[in-house]
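Keep the picture open while you read.

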Amino acid sequence: MAKGKLIFISGGVRSGKSSYAEMLVRNSACGRKVYLASGRANDSEMAERIERHREDRKLDGWHTIEQPIRFEEALLNIGEGDAVLWDCVTTWLANELYNGWEQNDMCADQPGCMEAKWTHLQRTLTELNDKAELLVVVSNEVLDDFIRDELYMKWLGTIHLWLVQHSDHAFEMENGLAFKRK
Amino acid sequence: MQIIFGGAFNGKRQYVKENLTVGDYCWCEGTLPDTSAESAVIAGLEKWVEQQLLLKKSEVQIMQQINEICLRSTSSNYIWILTDMNRGIVPMDALERQMRDVIGRIYQFLFKEAKGVIRIWYGIPQTIKGADQDENLYENRG
């Protein structure tokens, strides 16, 4: 199986990174357009917003997969030749790192828990990259601040470094402009 | 004197270790090099600044010490690894607000003094000062 293309896009809130990522997928002339969403609704406004976006994308011919945790399960629904947009790393990390907080049993507090999930994520992304024709990964710039949550920030840095290293192209978005860094 | 600049956990230290530190370098993490150090990497400056502020040092005194380091540095023997911390929301904590102000002004001073400044974005370098004028984006109108 030939390795597909991997593109990493990062930017601030409302920097236009999602639109740019969607445009890349739309222009890719691959098979299905697949939107792989990590977000999950915590209130009704969020649920409405998610629903509205899913409807908009459906009209535009997108297939949506919602996968807040257990990312590897999404692989089952990805076909060869698909163009996949994963939105986004920051949400996935929050879901996984703080998973279990309701039971007072957070992954972040267990030694080796996030390390195992990270190994798993790398494997899943590699498989996804092999299967899909195009994989566009979207993330956020949140590391230019005081250390607020060292564990979260350290993991996000690690993941971003890996993605940039493995990507064919990497973009930093600023107010709708895409700066090609790789 | 050179500066490597960028957000936290972006691979700045790794970049310096792999590309810049040939020979003997004193690695100063959260401290300033003493006068005997001919070559030094100064990292974690924000920790040093925090210490000074906790010791009730004034910004003038802090700047004085930074200036002394600059005076004894030559073109490449001192490398500063500076973490961009000033793009977040205004901190609730008064000490953090003060740190942000002091760090911001120190960075401005160091950027002015440095021969070269490289910004690191997840391991990828970009020269933002000392790139034969290519950093003057306003002139890139072609």
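This is a predicted model: local features need pLDDT of at least 70, side-chain atom pairs count only at pLDDT 80 or more; totals for chains, interfaces and linings use all residues.

Q: Why is A:Lys117 called buried?
A: The word buried asks for a relative accessible area under 20%. A:Lys117 has 18%, so the label applies.

Q: Where is A:Lys117 found, and which residues does A:Lys117 touch?
A: A:Lys117 is part of helix H4 of chain A, which covers residues 113-131. Leaving aside residues up to four places away in sequence, A:Lys117 touches A:Trp92, A:Glu96, A:Asn99 and A:Cys107. Touching here means that heavy atoms lie within 4.5 Å.

Q: What makes strand S1 of chain A largely enclosed by the rest of the structure?
A: Strand S1 of chain A spans residues 5-11, seven residues in total, and six of them are buried. That is why the strand counts as largely enclosed.

Q: How do you know that S1(A) pairs with strand S5 of chain A?
A: Pairing needs at least two bridges between the strands. Seven bridges join S1(A) to S5(A), residues 134-140, so the two strands pair, and they run parallel. Within this pairing, A:Ser10 stands opposite A:Ser139.

Q: How do you know that the radius of gyration of chain B agrees with that of a compact globule?
A: For 142 residues, a compact globule would have a value near 14 Å. Chain B has 15 Å, which agrees. Its C-alpha atoms fill a box of roughly 50 × 40 × 25 Å along the principal axes.

Q: How many of the residues in chain B are buried, as a percentage?
A: Of the 142 residues in chain B, 46% are buried. Each of these has a relative accessible area under 20%.

Q: What makes up the elements of chain B, and in which order do they run?
A: Chain B has four helices and six strands. Starting at the N terminus, the order is β-α-β-β-α-α-β-α-β-β.

Q: How many positive and negative side chains does chain B have?
A: There are 16 positive and 18 negative side chains in chain B. The centres of the two sets lie 4 Å apart.

Note on methods. Residues are numbered from 1 along each chain as its sequence is written. Chains are lettered from A and ligands numbered from 1 in the order in which they are written. Side-chain values use heavy atoms; hydrogens and water are left out. The radius of gyration is taken over C-alpha atoms; the globule rule is 2.2 Å times the number of residues to the power 0.38. Buried means under 20% relative accessible area, exposed over 50%, partly exposed in between (1.4 Å probe, protein chains only). Lys and Arg count as positive and Asp and Glu as negative; His and the chain ends are not counted. The place of a charge is taken as NZ of Lys, CZ of Arg, CG of Asp or CD of Glu.
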